Structures are given as C-alpha cells and as structure tokens.
Amino acid sequence: MRILLLCSSFNGLTQRAWLELRRAGHDVSVELAVSPEAMVEAAELAKPDLVVCPFLKERVPSALWRAHRTVIIHPGPPGDRGPSSLDWAIAEAEPEWGVTALQAVEEMDAGPIWGYRTFPVPAPIDGEPPRKSALYNGPVADAAVELVAEVAAKAGDASFAPAPLDYRSPEVRGRLRRAMRHGDREFSWLEPTADIVRRVRAADGAPGGRTRLCDLPVRVFDVYRGPELAGPAGQVVARREGAVLVHTGDGTVWVGHLRLEQEGAIKLPAAMALGELVAGVPERPGYSEITYDRSEGVGVVSFDFYNGAMSTEQCRRLASALRYAVAQDTRVVVVRGGEVFSNGIHLNVIEAARHPELEAWMNINAINAVCREIVGCMGQLVVTSIGGNAGAGGVMMGLGADRVIVRDSVVLNPHYRTMGLFGSEYWTYVLPRRVGAERARQLTGQALPIGAAEAVEYGLADRSLPGPRLDFERRVLEYAERLAADPGYDRLLAGRRQVREVDERRKPLDAYRAEELAEMSRDMFDDRNGFRQARRAFVHKARAQATPEHLARHRELSGASATAGADASHM
C-alpha cells in the first residue's frame, strides 16, 4: 500500500515504524505536522491508502481524516485519553499499560479501535520506577511498531471494520485523564526520596520535575536514589561526574541533569548548570556512569550516558576505563552501552560552553580517543553490545570492534550530514571496512536510518538478538564467554592483529584521523555547512518549519528502493 506517516518529529518510534513498513513492502512517505495546511497538502500529494500517526502531538485536521483513513498510535490502553498518558502511568504506579491504534475522529483519542497491545510496566529496580523516556522507547515503542504492522495488514482487508470505543467493554479499561499541569510536576526536597524519584521520572526526558535548588527555580531530570544521609532537605552535599547529591526528607537523591527556569536555558549536567554555586562542594563516590566488571575470561565496560550524549569529560573517563580493561588478563572485552548506546558528541554541553567551537573540537578529539582504544586493541578481542539506539559518532564508535551485536529493535543513524558535520571517530576507516566504500557513501550521504536487520544484511553488525535490553545484555555476555573459551581463540586474535597490521601499513589510523579532523575543523570553526545553526536548533528544540530536505527528497523518490530514514538523534 501507499502509506503516509504523519508525525510531530521523525523520532525513534517513527523511524522504527518507517523501517518496519518498508520491509513489509509498502510505499512509505513521511511528513512533519508543521501546520494543518501542510498535513492536508501532504495527503493530497501522497494520495495514500492509509495515514498512520506514530507520534503526533497535533490535532489531525478534519479535512484530512474525512478524506483519508487516518490511524493514531496512542501510548495508552483502550479507553485511555489525553496528552499525558505515560506521565500518569508512572506517577500513579500503574502495574500494566498499553498502546492503542485508533481512527482519527473529531474528538481526540475517541475514535474506533483498530487494535491494541498491553504489557506489564517494568518492575521497579531497587524501588525506582522507569523513566518516561525508557518506558516510551522500550515496551511502548515495541508494542507500537507491532500495532503499525497490524494496522497496515487490516487496512488491506476489505472486510475489516474497527471497533467503536465502548467503555462498557471489559477490554476498555482506560479513562480520560487531563493534561498534567505545572503543579503536578512540582515537588519539595522535604518529600521522601521515593516520591521525588517517581515525580521526576514521570516527567523525564520532558518537561522535567519542578522545584528550587540553590535558591534557583529549576527543572530536574535523570535522578537516582542516593545513600541515606541526614541533612537539611534541599542542600547539595556532594558532586560526582557532573551529578549533584541533594538531601531529601528521608535521605538523598543524585540529580544528573538540570535546566534553569530562565529564558534560553538548556538541559545540562547538574553541576555544570549550577556552576559556581556548587564549585566548593566535595566529590563523593557512589554515582558512576561507567563501570567495569569481569569474569575469568571476559571484562565488561558498561557506560550509560543520559540520552547517549558524550561530553569531553565523559569521553575521557570512558577512554580511561577502556585502557584499564584492555590491560587486564581477560580474553574478551565487551563494550556495553545503556538505554541509548551513544549519539556521539554532547551538543548541549558544546552550546553552553564559553567558546562552543573550541569545546566541540575538544569533544571530537576526546571521542576519537575512545574509538582508538576500541579499534586499536591488540591484546584481546572486542565485542560491542548495542542494546539501544545509536547515531552519528556513536555508531562509528561501535564499529571498531571485532564483533558488533545489536538488539533487534535498535535503530542506527550512521551519518552526520543533518548536523552539518563531516564526522570523525575513524568512520572513514571502520565504516568502509565493514560495508564497502559504495555503501558507506550511501549511508552517510542519504542521512537515513537503518534497522538491526539491515545492519546485519549490510555487514554493519555481525548479528542481531531479540528481547528486552537486560535479556539482550545477558545473551551478549554469554556469547563473549563462548568466544573467550573458543579453542580457536588464539587464531582469531592473531587474525585481528594481522588485519590491523596490514591496514596500518596501507594507511595508518593517524592518517584517517588527521584527514577527518581537517574536514571537521572547517565544519566547526568555519561553519561551512551550518553546524552552528543546526546545533542551536537541536539544543533549543526549535520547531521545524518544513519537512527536512533529506526526508522530503526521499518522499519524492519513495517508490524506489532505499535503505531507511531520518535525523541522527544527537542529544
């Protein structure tokens, strides 16, 4: 069928829906809902058999849904209505949640139901509920993608009719919930830690919990339970790796990120946002974005950077952890990302720096050092465990390993162009080495995403594994242990060394790095491709005025075969 995806942004869920529908053989185009007129015009141009809205904040114009079958993917179970569904689900500790596909009608979220999925809300880990972003990008996205495929199949069945919303039905367990207000997001540090964590996580990554810290009004993100220390509620008692430790009514909480409530402020690591106000606060262990664990034959370097963004300091810490890991007497090193594997350099920290171009330059050099540790490891085999989405330099960072394993729901954006950058991270070596020069040009030039299946087909990844992220990580670790115990291990390691030595004689890694950085210096300092404006638009969440050029072009060519679509998800 000819399907139009109408979305507020081409986010990870929309990308997954795009990929799934294209793999099923449908002719899929994408349009951003920048205005009612643009939505109607897009449908008139596309002449779709079906319009699907995987992520849409705006109301669908009646002129569109009256002319074209339009199905909304709503992040709530049947009967749930309102714009704050996931926020309420976390805030009220719902044990089960769902996703519903419903037809657009005049009344929001009240149309006939095409299908639904329900799932248990992930159980609290150490008493901490999931972040809204983790719930959305995990079980909600998984259910939504299944529903999109189901809707497309039902749309091709002339005998199918969606079921009217009937609150008397036992399957309809949701209800109309109002939009969360500012007051629903507010909290006092006098409250118990558990209440604060739940309030913030119900609003993470946007709009954040609301409170005051150091006598400033702030939005709070990225929180974790801290140690049970007594002290005045609201006092910052320690710092660690950009986070601050704050006293609560019954203990402490680590706050990873803040946004000051002032014009033009952006989300930043908490210690950076507070600046001189916490400069004299002591460092304290207990919070770490990077850990190292090992068994007899396998070492695991785990990192979990908020939204996958990697600042200069974070890159330096990760490079140090990798140097430590490869110096151990293990046989395999697993490089494991978190909820988001990596999206490369940290655009928010760069934008907030006194000299953004200089900070960007230091950041790209620091992430290059991380990549060098992976691609240059000669004493062990290296496995990258990509259980979350990755973009730009985050993709390239993972490609330096001997084995690249991705979770089957992952979306990769192996390109830089939409941010106005040539790119570095040794991509001119590791990407063509895996997929060939022509495919590398295609992936970086088209600026479109690929799914896990395509990544394996192209050679970008070695294998794809199903399941939730924790199950995926367990299976990758089991694979690494088998690799470490493989009778042919010495041959595999010798092969790695031989290939690297041959490649080094042909063209040293330093040459790739120097050539990439020469291009990046023109992008960062001379701004030849609009990096400054693209960065600012991303950081300040500027609303798109039109469907981006690379998507619009692809829409025009949507009948032709292509890899898949969208912006690198820099965070």
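I take helices (H or I, at least four residues) and strands (E, at least two) as DSSP runs, numbered from the N terminus. The model is predicted: local features need pLDDT of at least 70, side-chain atom pairs count only at pLDDT 80 or more, and totals for chains, interfaces and linings use all residues. Residues are numbered from 1 along each chain as its sequence is written, and side-chain values use heavy atoms, without hydrogens and water.

**Met362.** I found methionine 362 in helix α11 (residues 356–375). Its relative accessible area is 33%, so methionine 362 is partly exposed (buried is under 20%, exposed over 50%, partly exposed in between; 1.4 Å probe, protein chains only).

**α2.** I listed the buried residues of helix α2 (residues 36–46): Ala38, Met39, Val40, Ala42, Ala43 and Ala46. They pack against β1 (2–7), β2 (27–32) and α3 (62–65).

**Leu102.** Leucine 102 sits in strand β5 (residues 96–103). I noted a relative accessible area of 4%, so leucine 102 is buried. Beyond neighbours within four places in sequence, leucine 102 has contacts that include Thr70, Ile72, Pro112 and Trp114 (contact means heavy atoms within 4.5 Å). I also checked tyrosine 324, 222 residues from leucine 102 along the chain: their C-alpha atoms are 52 Å apart.

**α13 and α18.** Helix α13 (residues 427–435) packs with helix α18 (residues 509–524) at about 115°, axes 8 Å apart. Axes are lines fitted to C-alpha atoms, for helices over the stretch in contact; angles run from 0 to 180 degrees between N-to-C directions. Trp427, Thr428 and Tyr429 in α13 meet Leu509, Tyr512 and Glu516 in α18.
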